[in-house]
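Reader: Please give me a close look at a single part of this model. I want the result of the cavity search, and the details around it.

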Amino acid sequence: MKTSLPPSTHARQAQAVFKELKKSYPNAQCALHYRNSFELLCAVVLSAQTTDVAVNRITSALFAAYPTAETLAKADPQHVQTLIATIGMYRQKAKHLLGLATKLVEHHHGQVPNQLDDLIQLPGVGRKTANVVLGVAFGKVEGIAVDTHVQRLSQRLGWTQKTNPRQIEQDLCQIFPKKQWICVNHVLVLHGREICFARKPACHQCPIQTKCPNAFRAESAGRKSNRAL
């Protein structure tokens with residue numbers, strides 16, 4: 001049974017957790033390999049329900065073949081599928097890549113826009129992807145990117161009872177000051193990958209176990225949403 005914290009304690013507990021996680025992951029940053037905003041956008045789209053490690057294995061060949069939106073928009077769909085075939089949902093993701101490249105060429109002169117409303121109009125791009133691109137590529141803070149790690153940890157830590165990523169983002173944005181939003185995503189993602197696993201979290205190794213209301217019973221806390229990120 002998931003334990004949630006009273007609203008009045010959220011900010012204080014969240015800051016204590018954030019401080020400890022920053023100590024544990026002082027160099028937390030986006031783990032995807034990219035050289036520019038276009039490559040980052042494509043990599044984040046490819047990373048949906050796929051590990052960054054798996055994405056990094058395929059992007060060097062993909063970007064060598066299609067280094068710009070213009071070249072990708074003209075690509076043979078079958079060839080793109082072949083280049084990314086080792087990751088999940090590769091056919092759908094290839095369709096997204098070709099679609100977003102075409103839209104970038106037709107509506108943004110081949111450049112990645114730096115506005116959230118423009119980004120979420122691109123195929124395969126939701127708020128999570130848009131927030132990552134804005135924060136990492138442009139240093140713009142519009143929200144907190146909520147992926148499966150951020151969702152799971154936010155629920156286990158008692159910061160939200162929501163399962164919809166947009167509602168979780170709203171809860172987190174009320175708890176953390178805007179200047180911390182980008183880093184909050186990075187440290188939660190890293191902690192989710194290294195300690196707070198979806199199954200059998202390593203609570204005995206966790207630096208925030210004394211601050212987590214679901215420590216040692218977290219396996220049942222943190223329900224996964226089926227909503228697209």
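Author: A cavity here is a set of points, on a 1 Å grid over the protein atoms alone, where a 1.4 Å probe fits but cannot get out; lining residues have an atom within 4 Å of a point. Grid points are joined across faces, edges and corners, and a volume is the space filled by probe spheres set on the points. The model is predicted: local features need pLDDT of at least 70, side-chain atom pairs count only at pLDDT 80 or more, and totals for chains, interfaces and linings use all residues. Residues are numbered from 1 along each chain as its sequence is written, and side-chain values use heavy atoms, without hydrogens and water.

The whole structure holds two cavities of 30 Å³ or more. Take the second largest one to begin with. Ala, Val, Leu, Ile, Met, Phe, Trp, Tyr, Cys and Pro count as nonpolar, Asp, Glu, Lys and Arg as charged, the others, Gly among them, as polar.

Now the largest cavity. About 100 Å³ of space lies in it. Sixteen residues line it; nearest its centre are His191, Cys196, Cys206, Ile208 and Cys212. Twelve residues of this lining are nonpolar, three polar and one charged.

An unreviewed UniProt entry annotates Cys196, Cys203, Cys206 and Cys212 as "binding site". They span 17 residues in sequence, but no two of their C-alpha atoms are more than 11.0 Å apart, so they gather at one spot. Cys196, Cys203, Cys206 and Cys212 are included in the lining of the largest cavity. UniProt annotations may be inferred rather than shown by experiment.

Cys196 lies in the segment after helix H11 (181–194). Cys196 is buried, at 12% relative accessibility; buried means under 20% relative accessible area with a 1.4 Å probe, protein chains only. Beyond its neighbours within four places in sequence, Cys196 contacts Arg152, Leu153, Arg156, His191 and Pro201. Contact means heavy atoms within 4.5 Å.

Cys203 is also found in the segment after H11. Cys203 is buried, with a relative accessible area of 12%. Leaving out neighbours within four places in sequence, Cys203 touches Gln209, Ala215 and Phe216.

Note on methods:
1 Å grid on protein atoms, 1.4 Å probe; cavity = no way out; pocket = protein on both sides within 12 Å on 5 of 7 lines; lining within 4 Å. Helix = DSSP H or I, 4+ residues; strand = E, 2+ residues; numbered from the N terminus. Buried < 20%, exposed > 50% of the residue type's maximum accessible area, 1.4 Å probe, protein only.
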